[in-house]
Amino acid sequence: MAAPGENMRVNADRLWDTLMDMAKIGPGIAGGNNRQTLTDEDGEGRKLFQSWCDEAGLTMGVDTMGNMFFTRPGTDPDALPVYVGSHLDTQPTGGKFDGVLGVLSGLEVVRSMNDLGIKTKHPIVVTNWTNEEGARFAPAMLASGVFAGVHSQDFAYGRKDPEGKTFGDELKRIGWVGDEEVGARKMHAYFEYHIEQGPILEAENKDIGVVTHCQGLWWLEFTLTGREAHTGSTPMNMRVNAGLAMSRIIEMVQSVAMENQPGAVGGVGQVVFSPNSRNVLPGKVVFTVDIRSPDKAKLDRMRAKIEAEAPKIADALGVGCSVEAIGHFEPVTFDPKLVTAVRNAAERLGYSHMNLISGAGHDACWAAKVAPATMVMCPCVGGLSHNEAEDISREWAGAGADVLFHAVVETAEIVE
């Protein structure tokens, strides 16, 4: 395969302007975005993205999960496409770049190819996956999971948001139920560009993360059942305190994660107290433990210990305890050939780089089940993400998009 010349770069200013224009849709309250999946704002963002892709001469396809695919033809009608993309949906208090950078950089790759008159043997398909975040409809990476055969479409359509609205009904409501069968498309390769969502690249002063692996994950939802009682008039020795049981389980999760260092994390980010009144001991507490590791044996060992120890903690306080696994994916090893293409592109372009394990899940994790896949990452300020203060620089965005451009075009095979 011919490698692109080192003078071939994307239009970083155009990419940045596109990012800022998308950020105007679904603005947050503190400078970020609230463009949760299948909301009116998501629908508006999709239409803007479609208009840009139309202008770039791309042909749209949409599957029955609402995944959007925009194709730039290759010279060989029988060659499988190179896919590049991420997601446009955000957290309720999300930043301007998480996911969006990957989708719009895919568009920028095509725009730059058009500018430079580049033809490739393989088609290139820019992709927006539905409901990567999982903030409104759990689990995360839902539509790419259906695409990869991890979930059924019926399962996905039946997911409910906190108001009881279903994924299927909301997808229909915003008008993005396509006619393609989910997963029918075949890929030659899949690339995803993303902000790191962690502090390593910035701390190491590196421009590019060459992503070699993605951590596996378990989300374990605990339901603790105590007894509602007045916080002031119930003696300490007569309480059945589900909140206390939760706090001790969280401490245990911390200990389990620390016992499995390096390469393991664990914590709790979501807790629901019931009745959630300041002077009533909770009769019910629901919370989700999030554990991750790139080592499958370590991940499974952590889960087993947490599930074994939590009921003992609860039982000692007279509290009922049940647990359900509500999210999971195995650790992923990305395709060595594509990883090398990313690394070579960074070197060719003169960008500093390092190998990186993604701490977060991404649509690339499911794409890797059906095709060779890898990721490119750029730094983010302070490692902050899933926060409206999430930030990157124009230079970081452009550097990663340059690397993506080179790796995608090389893999799609330039036609002289």
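1. Glutamate 192 touches Gly85, Ser86, His362, Asp363, Ala364, Thr374, Met375 and Val376, where residues up to four places away in sequence are not counted and contact means heavy atoms within 4.5 Å. This is a predicted model, in which local features need pLDDT of at least 70 and side-chain atom pairs count only at pLDDT 80 or more, while totals for chains, interfaces and linings use all residues. Residues are numbered from 1 along each chain as its sequence is written, and side-chain values use heavy atoms, with hydrogens and water left out.

2. Glutamate 192 lies in strand S6 (residues 189-195); helices (H or I, at least four residues) and strands (E, at least two) are DSSP runs, numbered from the N terminus. With a relative accessible area of 0%, glutamate 192 is buried, a word that stands for under 20% relative accessible area, as against exposed for over 50% and partly exposed in between (1.4 Å probe, protein chains only).

3. The side chain of glutamate 192 makes polar contacts with the side chain of serine 86, at 2.9 Å, and with that of tyrosine 190, also at 2.9 Å. A polar contact is a pair of N or O atoms within 3.5 Å; within protein, one must be able to donate a hydrogen and the other to accept it, and residues adjacent in sequence count only if both atoms are side-chain atoms.

4. Arginine 46, in helix H2 (residues 40-55), also counts as buried, at 1% relative accessibility. Leaving aside neighbours within four places in sequence, arginine 46 is in contact with Leu38, Gly66, Met68, Asn128, Thr130, Ile174 and Trp176.

5. Four strands form an open sheet in the order S10-S12-S8-S13, with antiparallel pairing; two strands pair if DSSP finds at least two bridges between them. Because strand S10 (265-274) and strand S13 (320-329) stand at the edges with a single partner strand each, one side of each is left without a neighbour in the sheet. From one strand to the next, the twist averages 20°, with axes taken as lines fitted to C-alpha atoms, for helices over the stretch in contact, and angles running from 0 to 180 degrees between N-to-C directions.

6. Helix H8 (residues 242-259) packs on the sheet and touches S8, S10 and S12, its direction making about 170° with that of S10. Helix H9 (residues 296-316) packs on the sheet as well, touching S8, S10, S12 and S13, and its direction makes about 5° with that of S8.
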